Amino acid sequence: MDLVAPISILPPELILEIFAYCVSNESLAPLALRRVSWWWRDLVDTSPRLWQRIVLKDSDIPARFSEQQAQLWTQRSMPLKYDVELEVEDPDQILSLISPLLSSIHRWQSFQLSGRRDEDVILDDLDLTPDTLTHLQLCLLDYDSDFDDEEPRVTFTPTCPGNNDSYALNVWLSRIPAPQMLPQLRFVHVTIAEGGQTGLHTQPKFILDFLNACPELESFFLSGWIHDEPIIGPLPIIQLPNLVTLHLKRTCFARAFLSSLITPRLENLFLSHLNVDFQLINVYEEDGDSDDEARDFSQSPWSDQATGMGLRNLIINCNPPIRILEMDFCDMRTKDFHWVFDRLPFLEDFHIVASDMSDKVMNLFRPIRPSDGDGLVRLRLPRLGKIKLTNCQRLSGPAIVEALSERVKWTDVQYPEYTLQDVMVSGCEGFSTWDRHVLSSLLGRRLRT
């Protein structure tokens, strides 16, 4: 007489309750239960509630298995929502572990993080979807030296207070994840901040490789940490076909980034705090690296050359339709201003702060008249409608007045739709009260104080 196991005579509903209890105590229980018999496998595979708790750990689990686990659980739990639990001792693994789940974040019920940092979030309070999770913010820090338990760290935050239309994923880590550890990411805005108390920083290659995993990227902001180290190479060339805004701040690697990006839609370029007064280690021998024939004064000759050559390479590589160029504590050599201004036909807004630019650069804004009096008058930056000169101490007042007056007199008649509409000169010691009066008599309200 065959013996029948008592559990075999229980109704499926009761067996599922037992299974649910098992799953609540052991996250991988569904895998073990479905291997017992064909009947149990059928029960487990057709019961979404048994797959509603996804626990991912960074200990003793290959990254590939975590990705397969995430995909299996999200499939089997459909159409129900599910809970995500991360048990992480190494914060560098957080993004790699949860990135396979981000495409179904609208189905998350809760998010729980334990290990080096504890966090528990009920997702019903947030309107998180793959479309609203638009921003990724990576903060590089040394967890052992920089981490402050009193400083609140929240993984998911609205990009603007009170705005539920856009959210950011915030991750604190000590190194940039390798792209092979990640699926393609759908973020359209990425910020990488180096620093912390120890000045933790990374190499351009690792950042560029990471950007390659973000094909939908529309804006990128690097807030770096000034340090002078040789660049690990060779550097990859990264295609970012949708990038519209690029902001590089406080880095000695501006040339490396600008020379390695293909950004055919780039419209807004912000370069800030790139000037340094020490010689950069890396040596280049490209066209344009020769000495500046103008021999103008500069407090930051090495970073001037790096910035100018990086911008040259960006234009050569993809000829982006830059409309806004802002340079804040960032300079170029006179020869680079000349080269770049000749190749930015769509520039509408130019703002430069604390520059050593000379009167020779200011003269580039004048109309270019043929030396023999015949032929067409040309204009650099033909669509320029807005110019701001702030704390440019090497400029003389007469050079500013003469260049802008000559330009406006010509464009007001020849190209009124592209003439200067907004001019601001602020904190420039060479620009006197009389110079302001003379320029104001021509520009009127177009000259702002």
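This is a predicted model: local features need pLDDT of at least 70, side-chain atom pairs count only at pLDDT 80 or more; totals for chains, interfaces and linings use all residues.
**Leucine 200**

Setting aside neighbours within four places in sequence, I found leucine 200 in contact with Leu140, Leu141, Asp142, Ser174, Glu194, Gly195 and Trp225. I then looked up where leucine 200 sits, and that is the loop between strand E8 (189–193) and helix H7 (204–211). I also checked leucine 200 against tryptophan 73: the two are 127 residues apart in sequence, and their C-alpha atoms are 36 Å apart in space.

**Strand E5 and its partners**

Next I went to strand E5 (residues 133–140), where 6 of the 8 residues are buried, so I noted the strand as mostly covered by the 20% limit for buried. I looked up the pairing with strand E7 (residues 167–173) and found it parallel, over 7 bridges. E5 also pairs with E8 in the parallel sense, over 5 bridges. Which residues are the bridge partners of leucine 138? I found valine 171 in E7 and isoleucine 192 in E8.

**The sheet**

I then traced the sheet that holds these strands. It is an open sheet of 12 strands with mixed pairing, and I wrote down the order as E6-E7-E5-E8-E9-E11-E13-E14-E15-E18-E19-E20. Which strands stand at the edges? They are strand E6 (156–158) and strand E20 (447–448); each has a single partner strand, so one side of each has no neighbour in the sheet.

Further along the order I opened the pair of strand E14 (residues 324–328) and strand E15 (residues 349–353), which is parallel over 5 bridges. Here isoleucine 324 stands opposite aspartate 349 in E15.

**Phenylalanine 350 and the core**

The largest nonpolar core has 114 residues, and Trp108, Phe210 and Phe350 are the ones with the most contacts inside it. Beyond four places in sequence, I listed the contacts of phenylalanine 350 as Leu325, Met327, Phe337, Phe341, Phe365, Leu384, Lys386, Ile387 and Lys388. Ring pairs also link Phe350 with Phe337, Phe341 and Phe365 into a cluster.

**Aromatic pairs and charges over rings**

I searched the whole structure for aromatic pairs and got 10. One of them is phenylalanine 19 with tryptophan 40, edge-to-face at 4.9 Å centre to centre, with 70° between the planes. Phenylalanine 19 is in helix H1 (residues 12–25) and tryptophan 40 in helix H3 (residues 38–45); they are 21 residues apart, so I noted that the pair links distant parts of the chain. I found both phenylalanine 19 and tryptophan 40 buried.

Why is the pair of tryptophan 108 and phenylalanine 111 stacked? The ring centres are 5.9 Å apart and the planes are at 20°, and stacked needs planes under 30 degrees apart. Tryptophan 108 is buried, because its relative accessibility is 1% and the limit is 20%. Phenylalanine 111 comes out at 0%, so it is buried too.

I also looked for arginines over rings. Arginine 343 lies over the face of tryptophan 339, at 3.9 Å from the ring centre. Arginine 76 lies over the face of tryptophan 51, at 5.4 Å from the ring centre.

**Helix H12**

I checked the length of helix H12 (residues 397–414) next. Its 18 residues reach 26 Å from first C-alpha to last, close to the 26 Å expected at 1.5 Å a residue. I went through the burial list, and among the buried residues are Ile400, Val401, Leu404, Val408 and Trp410. What do the buried residues of H12 pack against? I noted helix H11 (359–362), helix H13 (433–443), and strands E16 (367–368), E17 (378–379), E18 (386–390) and E19 (422–426).

Last, I looked at the backbone. The bond from methionine 78 to proline 79 is cis, with omega near 5°. Proline 79 is in the loop between helix H4 (63–76) and strand E2 (82–88).

Asparagine 319 has a positive phi, near 45°, and lies in the loop between helix H9 (301–318) and E14. Is asparagine 319 buried or exposed? I found it exposed, because its relative accessible area is 53% and the limit is 50%. Asparagine 391 has a positive phi as well, near 55°, and sits in the loop between E18 and H12. I noted asparagine 391 as partly exposed, at 34% relative accessibility.

Terms used. Residues are numbered from 1 along each chain as its sequence is written. Side-chain values use heavy atoms; hydrogens and water are left out. Rings of Phe, Tyr and Trp (its six-membered ring) pair if their centres lie within 6.5 Å; planes under 30 degrees apart count as stacked, over 60 as edge-to-face and the rest as tilted. Helices (H or I, at least four residues) and strands (E, at least two) are DSSP runs, numbered from the N terminus. Buried means under 20% relative accessible area, exposed over 50%, partly exposed in between (1.4 Å probe, protein chains only). A charge sits over a ring if NZ of Lys or CZ of Arg is within 6 Å of the ring centre and within 35 degrees of the ring normal. The expected span of a helix is 1.5 Å times one less than its number of residues. Contact means heavy atoms within 4.5 Å. A nonpolar core is a set of buried Ala, Val, Leu, Ile, Met, Phe, Trp, Tyr and Cys residues joined through side-chain atoms within 4.5 Å. Two strands pair if DSSP finds at least two bridges between them.
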